[in-house]
Amino acid sequence: MKWLIRGVVLLAAVYGSALGGVYWLMRQPPEQFAAGIARLPRISMMALPFEPLWMRARAGRLKVGETAPDFELPTLDKSARVRLSSFRGDKPVLLVFGSYT
């Protein structure tokens with residue numbers, strides 16, 4: 001019976017460590033996240049609650065109506081850079097984030 005309790009505690013510790021590691025990985029920049037997630041075994045995709053972890057890790061802190069933080073991105077042809085604040089008060093901006101792959 002003692003070995004069973006130790007086994008359960010060990011499994012819980014390993015599972016908790018895996019959850020913490022994946023959560024930490026999800027909070028990294030996209031390039032680091034992609035490189036790390038590519039190394040995870042496929043079984044982890046079934047064993048860990050990826051969607052709830054992802055929703056919590058990437059939730060952000062903005063509330064409806066708050067001003068978006070300023071950022072800068074290259075144009076599609078990479079000939080210039082565009083800053084979000086350059087459009088403030090000029091015209092509405094719609095930001096769409098997603099992956100179509």
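**Contacts and packing in the predicted model**

Setting aside residues up to four places away in sequence, Asp70 touches Arg83, Leu84 and Ser85. Contact here means heavy atoms within 4.5 Å. The structure is a predicted model, in which local features need pLDDT of at least 70 and side-chain atom pairs count only at pLDDT 80 or more, while totals for chains, interfaces and linings use all residues. Residues are numbered from 1 along each chain as its sequence is written, and side-chain values use heavy atoms, with hydrogens and water left out.

Asp70 sits in the loop between α4 and β1. Helices (H or I, at least four residues) and strands (E, at least two) are DSSP runs, numbered from the N terminus. Asp70 counts as partly exposed, because its relative accessibility is 36%. The cut-offs are under 20% relative accessible area for buried, over 50% for exposed, and partly exposed in between, with a 1.4 Å probe and protein chains only. From Asp70 to Val9 the chain runs 61 residues, and their C-alpha atoms are 46 Å apart.

Phe71 lies in the loop between α4 and β1. Its relative accessible area is 28%, so Phe71 is partly exposed. Apart from neighbours within four places in sequence, Phe71 is in contact with Val82, Arg83, Leu84 and Leu95. Phe71 and Leu84 are 13 residues apart along the chain, with 5.8 Å between their C-alpha atoms.

Lys78 belongs to the loop between β1 (72-74) and β2 (81-83). Lys78 is not a glycine, yet its phi is positive, at about 60 degrees. With 66% relative accessibility, Lys78 counts as exposed. Val96 follows in the segment after β2. Val96 also counts as exposed, at 60% relative accessibility. Between Val96 and Ala47 there are 31 Å in space, C-alpha to C-alpha, and 49 residues in sequence.

The next element pair is α1 and α4. The axis of helix α1 (residues 2-26) comes within 9 Å of the axis of helix α4 (residues 50-57), and the two cross at roughly 45 degrees. This angle makes α1 oblique to α4. Axes are lines fitted to C-alpha atoms, for helices over the stretch in contact, and angles run from 0 to 180 degrees between N-to-C directions. Angles under 35 degrees count as roughly parallel, over 145 as roughly antiparallel, 65 to 115 as roughly perpendicular, and the rest as oblique. The α1 and α4 crossing is right-handed. In a right-handed crossing the near helix is turned clockwise from the far one by less than a right angle, and in a left-handed one anticlockwise.

Which residues of α1 and α4 meet? From α1 come Leu19, Val22, Tyr23 and Met26, and from α4 come Phe50, Leu53, Trp54, Arg56 and Ala57. By class, this contact holds eight nonpolar, no polar and one charged residues. Ala, Val, Leu, Ile, Met, Phe, Trp, Tyr, Cys and Pro count as nonpolar, Asp, Glu, Lys and Arg as charged, and the others, Gly among them, as polar.

Leu53 is in contact with Leu19, Val22, Tyr23 and Met26, leaving aside neighbours within four places in sequence. Leu19 is part of helix α1. At 23% relative accessibility, it counts as partly exposed. Beyond residues up to four places away in sequence, Leu19 touches Leu48, Pro49 and Leu53. Leu19 and Met45 are 26 residues apart in sequence, and 11 Å separate their C-alpha atoms.

The largest nonpolar core has nine residues: Val22, Leu25, Met26, Phe33, Ile37, Leu48, Phe50, Leu53 and Ala57. Such a core is a set of buried Ala, Val, Leu, Ile, Met, Phe, Trp, Tyr and Cys residues joined through side-chain atoms within 4.5 Å. Two or more of the core residues come from each of α1, α2 (30-38) and α4. In soluble globular proteins, nonpolar side chains tend to be buried together.

Gln28 is in the loop between α1 and α2. Gln28 is buried, because its relative accessible area is 15%. Not counting residues up to four places away in sequence, Gln28 touches Phe33 and Arg58.
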